[in-house]
Amino acid sequence: MIKVENLSKNYGKFEALKSISFEVPKGVVFGFIGRNGAGKTTTMNILTGLIGFDSGNIIVDGKDLTGKTGELSKYIGYLPEAPAFYDYMNSYEYLDLIAGLLNIDRKQKKDQVQELLEMVRLKKDAKRKIGGYSRGMKQRLALAVALFDRPPILFLDEPSSALDPEGRREMLGLIEELKDEDTTIFLSTHILSDAERVCDTICMIDEGKILLTESLEGLYKKHMHPVFDIEFESKPEKELSMLKGLDWVKDINTAGNKLSLEVNDMEKAKAQVLKKLSGSVGSIISYQVRKMKLEDIFIGTVRENADI
Amino acid sequence: MQTFRHYFKKEALEALRTNKYIILFVGTIFWALMDPLLLKLLPILLRSSLPIDMTSLLPGLNRDTAFANFAGDLFEIGTLFFGFTLMGLLANEIRFKKLIFPRVRGARFGGIVLAKYIHYSLVLIIFIFIAFLTNYFYTVQLFEGGMLSINMVLRAAVLYSVYYCVLLAILLFLSSLFKRGLFAGITIIVFAYTMSIFNQFQGIRQYLPNYLLLKAQDILGGFDATLIPTILISAVIIVIFIALTISRMRMIDIA
């Protein structure tokens, strides 16, 4: 559905995107994850035609739409991270403006406005000025704007970051519904549990470079290692040095008094972890084995990339 | 065309809800009411506040001078209202990222710029005509003498309208150039006042838009051949600056 080839963008001397390439198949939820400043929003702004780029190609639905922003609007809906509206308008007026720009006829417009306002739970407040809305309400209105006329591709930039827990759950439910309707969703987020829940494919970006693009399933198969989370009474400095360099230890992360041990041989690890830590057993507060999360894979991948 | 139509409607709603109509009204029509009244009261005010009678030093006030006085004041005060009210037309939309949704959903910059330009041109033209006619009505009531006629007033209104359409085209471009509308506003005001200086130079003044104001205030001079280059150059300036604004909007990052 979307093919990006060697896309580069510079801001003066700063290289925001360093010749990135990836492909988004039709009907999938494509999780675009990365740290703040990694290049996620820049990529989205380019793909939605809002900003220019220095080199590369953008192919949408088999058509080369490089530089043809007018045509792009037929395919896409966009929910920016911090949506901005004309605050003196109410939701009806704003959606009316959008419907006009999309050239939707009067009857269809009326039906769609009602349906979308109901979907995003704004019908009750639709006659209030947008300037008086909370951030969450603005985010929901932005989603209605993005969904107007059901574009085949939806770009969502941190869609749940401003929402309360209930709103966030609803947003994720909605993404799942849209996926079932064959909408291609390009989801940028740093809430990795959200990406884990709804995405089919994950693309990791860091410092303007794509680190990997893989299906979530494939990612788990390739990178899934068990993790031992051990909490100590004090900072585990001595324990860290004891575990470092062992052949069954893949990676060690510490945060305060907690130590996360990623292992590549579960059997060996089970037999030896506590043995190795025998001198500190008395100071262990908790000990558990868990499966790796997307967050662990992401941190590992970023670190590997930094080491290269 | 879709963009133009819907943005024209949006501009009207915005001007109404953000009080731009009221501010522009005050900047033009309010002065049309106040100017002849203040001028009429000026000798009385001077007589009561000065120890000696200086009213004899004032030039003879008749309908012609009262109207010319209003036209001069409208330029000086109206330009301030114009610049500071419309300075953010594009700058604010860009700075506060208001164009993201419309652009992604198919809005074209040509339509947006033209809608803003035509909407505010019409508003200015209407307000200028109302202001000039209102001023004419009061001037005729309050003053005597002179040759002022409604035709002369309408002619002056046409020249003022053309002048403010030129200023608006330049302001729109400046508003797309600066991130903060205030800079666009100050620049256009300084530009307008500075250009008036060139009205002192006979050889070049008819090639600059401010000559329109000079001719508007010269009610007995009327439309003559010296206005042809001024009007042609004004039309060229409008077209060039509108084209530059559209081209600038296509170049900048709006997100």
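Some housekeeping. This is a predicted model, where local features need pLDDT of at least 70 and side-chain atom pairs count only at pLDDT 80 or more, while totals for chains, interfaces and linings use all residues. Residues are numbered from 1 along each chain as its sequence is written, and chains are lettered from A and ligands numbered from 1 in the order in which they are written.

Now, chain A as a whole. You'll find eleven helices and 14 strands there; these are DSSP runs, H or I of at least four residues for helices and E of at least two for strands, numbered from the N terminus. Its C-alpha atoms fill a box of roughly 75 × 45 × 35 Å along the principal axes.

Let's look at the sheet with the order β6-β7-β8-β3-β9-β10 in chain A: six strands, open, with mixed pairing. By pairing I mean that DSSP finds at least two bridges between two strands. At the edges stand β6 and β10 (209-215) of chain A, each with a single partner strand, so one side of each has no neighbour in the sheet. Inside the sheet, β7 (153-157) and β8 (184-189) of chain A run parallel, joined by five bridges; A:Leu154, for instance, has A:Ile185 in β8(A) as its bridge partner.

What packs on this sheet? Helix α1 (residues 40-47) of chain A does, touching β3 (29-33), β7, β8 and β9 (201-206) of chain A. Touching here means contact, with C-beta atoms, placed from the backbone, within 7 Å.

Over to β14 (residues 284-290) of chain A. Is this strand buried or in the open? None of its seven residues is buried, so β14(A) lies largely in the open. Buried means 20 or more other C-beta atoms within 10 Å of a residue's own, exposed means 12 or fewer, partly exposed is in between, and the C-beta atoms are placed from the backbone. Its antiparallel partner is β11 (residues 227-232) of chain A, through six bridges, with A:Val227 bridged to A:Arg290.

Last stop, the contact between chains: 23 residues from chain A and 24 residues from chain B take part. On chain A's side, α3(A) gives the largest share, five residues.

How values were computed
Two residues are in contact if their C-beta atoms, placed from the backbone, lie within 7 Å. Axes are lines fitted to C-alpha atoms, for helices over the stretch in contact, and angles run from 0 to 180 degrees between N-to-C directions.
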